[in-house]
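Please look over the structure below together with the briefing that follows, which is arranged by topic.

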Amino acid sequence: MLNVGIVGLGRMGQRHAEQLALHTHGARLVAACSVDAGEHTWARERLGVTALYDSYDALLRDPQVQANASKPSYAMNDPDGLFVRFAPTSGGIFLDCSVHDIDLARWMLGGNPKALRAFATGTIALHPGLADCGDVDNGLAIVEFEGGARALFYASRTLAHGHETSTEVIGTEGSVSVGVGAHRDRVQSRDAAGVHHRVLADFVERFAEAFQREMAAFVAACQGEAPPPLMLADATEATRIGVAITKSLQSGQVEAVA
Amino acid sequence: MKNVAVFGAGRIGRIHAGNVAALPGVSLKYVCDPVAASAAELAAQLGAAVSTPEAVLADASIDAVVIASPTDTHSDLIHRAAAAKKHIFCEKPVDLSVPRAVECAAAVQAAGVACMIGFQRRFDPTFAEAQARLARGEIGVPEMLVVTSRDPGAPPAQYLKGSGGIFRDMLIHDFDIFRWILCSDIGDGGDAADTLYANGSVLVDPEIAKVGDIDSSVVTIRTKKGRLCQINTSRRAAYGYDQRFEVLGSKGLLQCGNHRPTEVVQFDGSHVKSDKPEHFFLQRYREAYRLELVHFFEGLQSGKPFRTTIADGVEAQKLADAATQSWQAGGTVMRL
């Protein structure tokens, strides 16, 4: 049994905490740290966590903790525009949202090819407050990789219909597409207005199972049962590409991935 | 915190126990199974203890039991759990005999405990969404229901021998879908089956004929209001577990499709390919099994009626009996 402490109990932290406490075999959530007293209450009452700390240092001093799960604070695709408040610290739409897609591109293109250059543009469709920090609510980027592969990224905070994460990989003998249409379930209705299906509401719904599998892989890696499928270097590389894209959005020029 | 015991550590018992253990505010305390090794393995995996029905029912800290043991043990366990004032979640069917199922319903009512029957299909996100839209009147008044229910492969003939036959073992779920979709009161006073016709064949495995059962069937039901339902089932579908229905209403149509393991679509020189349906019920209804237990514990908390009561179990059983008789009589129309 692996004893895990969680750093941060915000929206994402609570998600991971529930995964660890309730859905992950071989792991036990034993401690948490957060500066918010309400979040302490949540962890105590919902998940039965008793070792609650105000600081990361205090959590690290707890001898029962063997591993830490943490995620940088992070603004969400939010129809109410609450993300605008977080925008100044989010790193911008590409580092906040597209960083996942950048990681996916390196993985899908095979062998994590080296990124060479990036170009980005964007627009503010609905949230003028973003202009103050040089961010946009709809962004487009093209990244060139060594060997000829190219990736096109589109990130939006303003999709009217819900959360749609879709991917298309185009190869010489065919193409593969995933998630087009953001189907929430398998109901289709037809009436005088057309043919309809419901869509996924948010990333929590879209990636519920992925979060579960991610935590299981983390625990397996801590226990030495399997190598971690994703290294810190992968995250660093995605950030490096995201930084070049963000620089291009601001300069309006093609930027080298430094 | 609600303390729970699970009876049965077989295929479905493992699913229910895992779901109970993963619910906030609920604690899985005991697992019981005559096969000691199965009980021990499951209990160890989920941090519970091994026990016996006698000890569980005598334990005052236990609030509810989940009955996931073989069908022929259900009615005895329901009676004993009700007498011990434990709330009950019971896998379908209540009992293969309608009179015994009716007695169970009476015992539960007399004891004043809550009892929910595991018709998990009503909790499948796709089916539940279709029913919700129907109830909101989005396609008007329901008129016709077509249910397709096909297993990927037939179980061994030996299993079928004790199953009660295809109508009680397999179509019991489809009869519940019929009642839920065409007979629920959606502001129209509800409806009920009036006549039923069933027929069937052995097309998959001749061994199934030897135990007196069939592997392919069709059922037609007409309701008191004249609504029509067709159910077609097979014990074999080469392409996986096929679970669909469509309901035609006065203003439109609702179609429920199969779930697939992934949503990858591949386009190449010869085909456009997507995954075949989820392999079988444990995969297709994984979320439904979880959501039905969420509903059970929410119901215990709120005191609101369950979506699938023991009365629903009895009514589906009556339709299964009528279908069995109709088929055995060579396709006689039964009046309900």
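How far apart do the C-alpha centres of domain 1 of chain B and domain 2 of chain B lie? They lie 25 Å apart, the bounds being 2-113 for domain 1 and 122-335 for domain 2, as taken from an automatic or database domain assignment. This is a predicted model, in which local features need pLDDT of at least 70 and side-chain atom pairs count only at pLDDT 80 or more, while totals for chains, interfaces and linings use all residues. Residues are numbered from 1 along each chain as its sequence is written, and chains are lettered from A and ligands numbered from 1 in the order in which they are written.

**Between the domains of chain B**
- 20 residues of domain 1 of chain B are in contact (C-beta atoms, placed from the backbone, within 7 Å) with 18 residues of domain 2 of chain B.
- On the domain 1 side, two or more residues come from each of helix H1 (11-21), strand E5 (87-91) and helix H5 (98-111) of chain B, helices (H or I, at least four residues) and strands (E, at least two) being DSSP runs numbered from the N terminus.
- H5(B) gives the largest share of that side, 6 residues.

**Between chains A and B**
- 19 residues of chain A are in contact with 25 residues of chain B, and the chain A side has 5 nonpolar, 7 polar and 7 charged residues, where Asp, Glu, Lys and Arg count as charged, Ala, Val, Leu, Ile, Met, Phe, Trp, Tyr, Cys and Pro as nonpolar, and the others, Gly among them, as polar.
- Strand E10 (residues 187-191) of chain A pairs (at least two bridges found by DSSP) in the antiparallel sense with strand E12 (residues 252-256) of chain B over 4 bridges, with A:Val187 opposite B:Cys256.
- E9(A) is joined to strand E13 (residues 264-268) of chain B by 5 bridges, again antiparallel, and A:Val176 stands opposite B:Gln266.

Key. Two residues are in contact if their C-beta atoms, placed from the backbone, lie within 7 Å.
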